[in-house]
Amino acid sequence: MNNLVIGQYVPGDGLLYRLDPRTKILMTIVYVFLLVFANDWQSYLWSAAFLLAALLLTRQGLGLYWRGIKPILWLILFTVVLQLLFSGGTPVLFTFGPVKVTTPGLINAVYVVVRFVLIVLMSTILTITTAPTAIASAIESLLKPLMFFRVPVAELALMLSIALRFVPLLMAETDKIMKAQKSRGMSLSTGSLIKRAKAVVPLLVPLFVGALQRALDLANAMELRGFESAEGRTRYRELSYGRDDTLAFFATLIFAIGFVWLSIL
C-alpha cells in the first residue's frame, strides 16, 4: 500500500501544482481520449514526449512514478500475454502447440503496454499535484451545466470529496489491522492459495465494520450540525484561472493538433 502512488497527493512546488484543478482534469481527459486512438509509433512517441514534459514540471523524482508503476507490473504482464496469445495475423514468429505468436500480436502487445503505462502516469500526475478537495471542487464546477437537467451536482461533488478523504483513512486502517493480525501469529504470505485467501477474511470483516462505523459517525455529525443540502455552500478557496492555465491550455492544444497530424500521416 505504501507503493501505491496513484490516488495520493504529494506536496510540491512544481508548475503543475499552481494550475487550476479544472485545467489539469481537462488536460488529463484530452490526453487519455486521444491516446485511445493512437495506432502507430509516432503517436506514442509524441504522447510520451508530452508526458515527460509534464513529469518534469511536477519537479518530483522519476523514482516516485516508477514506485507507482511497480505494483501493477503483474497486470501489465497479464495484458502482454493476452495480446500475444489471442492476436492473429501473419507472419507467425513461433508456435507452441496450438498457441501462435505473430508479428501483429507482438506489436499490439507493445502498443497496449505503452498506452496503459502512459494513461496510468498521466492519472498519477493529476492526483499527485492536486489535493482531493480541489479535485472534488473542480468536478463540481465542470459539472455545473448538468444542474439545468436537475442533476444534484453539489451532492455528487460532496460524496466524491468524502470518498477521497476516506481513502487514506482506510489504507491506514488496513495497515493497522494487518499488523495486529500478524502480531497474533497469522501469516498472509505463506501457505497455499486457498489458505492465503481465507486469511483475507479476518482483514475484511473489521475493515468493513470500521468503515461503516466511520460513515455512521460522519452522517450523525453532519445531521447534528444542521446539514441539509450541499447546494449553495460557500468555499474557503475559490477556483480561478490564471496565466499558467492559459499556457497549459495552449500546450494541450499543440499536443492535440500534433497528435491528429501524426495520426493522419
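# A tour of the helices around H5

The chain has ten helices and two strands. Helices here are DSSP runs (H or I) of at least four residues, strands (E) of at least two, numbered from the N terminus. This is a predicted model, where local features need pLDDT of at least 70, side-chain atom pairs count only at pLDDT 80 or more, and totals for chains, interfaces and linings use all residues. Residues are numbered from 1 along each chain as its sequence is written, and side-chain values use heavy atoms, with hydrogens and water left out.

**Whole chain.** Start with everything shown. Along the sequence the pattern reads α-α-α-α-β-β-α-α-α-α-α-α. Of the 265 residues, 30% count as buried, meaning under 20% relative accessible area; exposed is over 50%, and partly exposed lies in between (1.4 Å probe, protein chains only). Now think about contacts, that is, heavy atoms within 4.5 Å. Among those between residues at least 6 apart in sequence, 73% join residues at least 24 apart.

**Stop 1: Thr102.** Select Thr102, in strand S2 (residues 99-102). Thr102 counts as buried because its relative accessibility is 2%. Thr102 and Gln83 are 19 residues apart in sequence, and their C-alpha atoms are 9.9 Å apart in space.

**Stop 2: Thr129.** Move to Thr129, in helix H5 (residues 103-129). Thr129 has 3% relative accessibility, so this residue is buried too.

**Stop 3: H2 against H5.** Two packed helices are described by the angle between their axes and the distance between the axes. Axes are lines fitted to C-alpha atoms, for helices over the stretch in contact; angles run from 0 to 180 degrees between N-to-C directions. Select H2 (residues 41-58) with H5: the angle is about 25° and the axes are 11 Å apart. H2 and H5 are therefore roughly parallel. That label covers angles under 35 degrees; over 145 is roughly antiparallel, 65 to 115 roughly perpendicular, and the rest oblique. The crossing of H2 and H5 is left-handed: the near helix is turned anticlockwise from the far one by less than a right angle, while clockwise would be right-handed. On the H2 side, color the contact residues, including Trp41, Phe50 and Thr58; on the H5 side, include Tyr111, Arg115 and Thr129. The contact of H2 with H5 has 13 nonpolar, three polar and one charged residues. Ala, Val, Leu, Ile, Met, Phe, Trp, Tyr, Cys and Pro count as nonpolar, Asp, Glu, Lys and Arg as charged, and the others, Gly among them, as polar.

**Stop 4: H3 against H5.** H3 and H5 pack at about 120°, with axes 11 Å apart. They are therefore oblique. Their crossing is right-handed. H3 brings Leu64, Tyr65 and Ile69; H5 brings Val117, Val120, Leu121, Thr124, Ile125 and Ile128. By class, the contact of H3 with H5 has eight nonpolar, one polar and no charged residues.

**Stop 5: H7 against H9.** Finish with helices H7 (residues 153-183) and H9 (residues 201-224), which pack at about 140° with axes 10 Å apart. H7 and H9 are therefore oblique, and their crossing is right-handed. Contact residues include Phe166 and Glu173 of H7 and Pro206 and Arg214 of H9. The contact of H7 with H9 has 15 nonpolar, two polar and two charged residues.
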